[in-house]
Amino acid sequence: MELLPQSREALDEYVAPSIDDVEGLLRVIEGWAVRAVPECVALSVTLLDEDLTFTLVDTAAGVDGSRPPARQAGEQHHADPEPDYALDEGEWADMARERAFEGIASTVCLPVVEEGRAVLNIDLYASTAHAFHDRIEELVAALGAWQAGAVTNADLGFDTLRRAEAAPERLREQRLVDVAVGLIAASVGVTTDDAEVLLRQAAEQAGILERQAASVARWLLA
Amino acid sequence: MDESELVMHGLRAMLEPHSAVITVVPHRPDGPAPLSDLTLYEPSAHRRATGARAVPQRFPTRMVAFGWDCSPEAVSTEMSRGAAGFVSKWLPARRLIWNLLQIAEGRVVVDAWNGQPEDAGRPKADKWPLTHRETEVLSMIASGLANREIAERTNLSINSVKSYIRGAYAKIEVTSRSQAVLWAIQHGLLVSGESDVEGPRTVKQAVRA
């Protein structure tokens with residue numbers, strides 16, 4: 001599998017105080033996932049505290065980040081109106097697959113919990129419908145995930161791909177805010193936590209986004 | 001360089017008995033640079049030369065600030081400019097030589113003793129907590145540069161930049177970029193007007209040269 005270009009960019013910018021090598025972590029997860037589920041064609045890891053997603057895709061298997069889903073949800077609504085009765089589980093799964101990302105037929109999301117708190121989500125994507133059947137226990141054991149929290153086929157639309165694509169911009173905005181917070185803390189003589197609150201309040205009062213307020217603060221204080 | 005005759009002669013006389021380990025070579029700014037391991041400079045001479053506002057100068061490596069003003073502000077200003085160390089003109093010969101030998105070996109030493117008696121328990125020479133590279137990278141972080149931009153400006157790999165960031169954060173005991181920015185400002189690493197895409201030119205030049 002290959003790192004999404006946006007994930008490469010985000011990894012370059014992301015400095016984790018606790019994890020020295022996030023790409024190494026992704027590769028370890030990839031190794032375990034592919035050994036347990038050979039049909040695995042993509043995986044995403046989301047750092048929940050930072051709300052950052054990194055994605056690996058197997059482009060050779062037809063999963064390509066540049067391709068749109070096989071059928072967009074909006075298109076489906078116009079071309080093939082949804083039935084007005086409740087779907088049973090099988091029909092729901094069929095419908096979800098119709099809307100699925102090309103090359104992806106099943107998914108599983110495995111949360112990783114530390115000290116009672118979810119810190120990571122590992123999303124695995126496979127090319128066949130039953131790739132994860134009877135394999136979740138093995139994956140949970142290998143990846144140190146929380147078995148009761150495992151959810152299957154909840155992301156056939158590969159939403160984590162969109163989140164991974166947005167990661168570089170999120171990090172750019174965070175960098176802008178972090179520098180502004182440091183400048184405000186130095187200028188006002190408060191802690192960075194208090195400066196963060198001041199910046200957020202200023203943005204709310206001005207009716208602008210926090211990053212916009214951060215830009216103004218940097219311009220004024222730098 | 002830029003020194004009075006009194007200091008030049010005084011320094012030479014002071015170090016003469018230790019000529020086996022250290023030799024003073026005079027250097028005037030308008031003359032050719034002599035071969036030497038370290039160059040001492042008087043910080044206030046630079047400030048006089050550049051006007052009232054302390055405009056950072058481009059220093060080659062191994063420049064050591066050698067000044068009377070040992071205030072924290074003076075020290076942080078010179079370190080942020082890329083000085084290899086800061087030694088006080090109040091220091092006695094042996095301590096000055098010891099510090100200069102340490103700096104010549106690549107250590108960053110700040111000995112800002114101001115001539116006043118020291119507390120018994122206080123260390124004689126405070127070490128600047130960061131290496132040159134860490135200082136350089138931290139000042140770029142504070143000016144808002146992305147890791148990739150820092151890597152390009154320093155000719156370091158991304159992983160090296162991240163390693164220097166982690167090392168600097170650990171040494172100055174911060175856990176976030178905003179705390180690091182605050183520390184950098186408090187220690188003179190972000191000179192007014194440098195927080196833009198240009199970045200901290202001085203520190204970069206000092207390390208690269």
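pLDDT is the predictor's confidence in each residue, from 0 to 100. The structure described here is a predicted model, and its overall scores are ipTM 0.77 and pTM 0.63. Chain A holds an open sheet of six strands with antiparallel pairing, whereas chain B holds an open sheet of four strands with parallel pairing.

**Confidence in chain A**

- Among the elements of chain A, the lowest mean pLDDT, 43, belongs to helix α3 (residues 73-79), and the highest, 95, to helix α7 (residues 192-206).
- Residues 69-85 of chain A have a pLDDT below 50, and beyond near neighbours in sequence this stretch has 19 contacts in the model.
- The average pLDDT of chain A is 82, with 80% of the residues scoring at least 70.

**Confidence in chain B**

- Chain B has a mean pLDDT of 76, and 74% of its residues reach 70 or more.
- Where pLDDT is low, the predicted coordinates should not be read in detail.

**The sheet of chain A**

- The six strands of the sheet in chain A follow the order β1-β3-β2-β5-β4-β6.
- Strands β1 (2-3) and β6 (151-152) of chain A stand at the edges; each has a single partner strand, so one side of each is left without a neighbour in the sheet.
- Within this sheet, seven bridges join the antiparallel strands β2 (residues 40-47) and β5 (residues 117-126) of chain A.
- A:Val45 stands opposite A:Ile122 in β5(A).
- Helix α5 (residues 136-143) of chain A packs on the sheet, where it touches β4 (106-114), β5 and β6 of chain A; the direction of α5 makes about 35° with that of β4(A).
- Helix α6 (residues 159-188) of chain A lies across β2, β3 (52-57) and β5 of chain A, and runs at about 125° to β3(A).

**The sheet of chain B**

- The four strands of the sheet in chain B follow the order β1-β2-β3-β4.
- Strands β1 and β4 (109-111) of chain B form the edges, and each pairs on one side only.
- On average, neighbouring strands of this sheet are turned by 30° against each other, direction ignored.
- Four bridges pair strand β2 (residues 63-67) of chain B with strand β3 (residues 85-88) of chain B in the parallel sense.
- B:Val64 stands opposite B:Gly85 in β3(B).
- Helix α3 (residues 72-80) of chain B lies across β1, β2, β3 and β4 of chain B, and its direction is at about 145° to β3(B).

**The second largest pocket**

- The volume of the second largest pocket is about 520 Å³.
- Its lining consists of 24 residues, and those nearest the centre of the pocket are B:Thr23, B:Val24, B:Val25, B:Ser36 and B:Leu38.
- The elements giving two or more residues to this lining are α1 (5-15), β1 (39-41) and α4 (93-104) of chain B.
- Among the contributing elements, α1(B) gives the most to the lining of the second largest pocket, with four residues.
- By class, this lining has 18 nonpolar, four polar and two charged residues.

Definitions and conventions. Residues are numbered from 1 along each chain as its sequence is written. Chains are lettered from A and ligands numbered from 1 in the order in which they are written. This is a predicted model: local features need pLDDT of at least 70, side-chain atom pairs count only at pLDDT 80 or more; totals for chains, interfaces and linings use all residues. Side-chain values use heavy atoms; hydrogens and water are left out. Two strands pair if DSSP finds at least two bridges between them. Contact means heavy atoms within 4.5 Å. Axes are lines fitted to C-alpha atoms, for helices over the stretch in contact, and angles run from 0 to 180 degrees between N-to-C directions. On a 1 Å grid over the protein atoms alone, a cavity is a set of points where a 1.4 Å probe fits but cannot get out, and a pocket is an open set with protein on both sides within 12 Å along at least five of seven lines; lining residues have an atom within 4 Å of a point. Grid points are joined across faces, edges and corners, and a volume is the space filled by probe spheres set on the points. Ala, Val, Leu, Ile, Met, Phe, Trp, Tyr, Cys and Pro count as nonpolar, Asp, Glu, Lys and Arg as charged, and the others, Gly among them, as polar.
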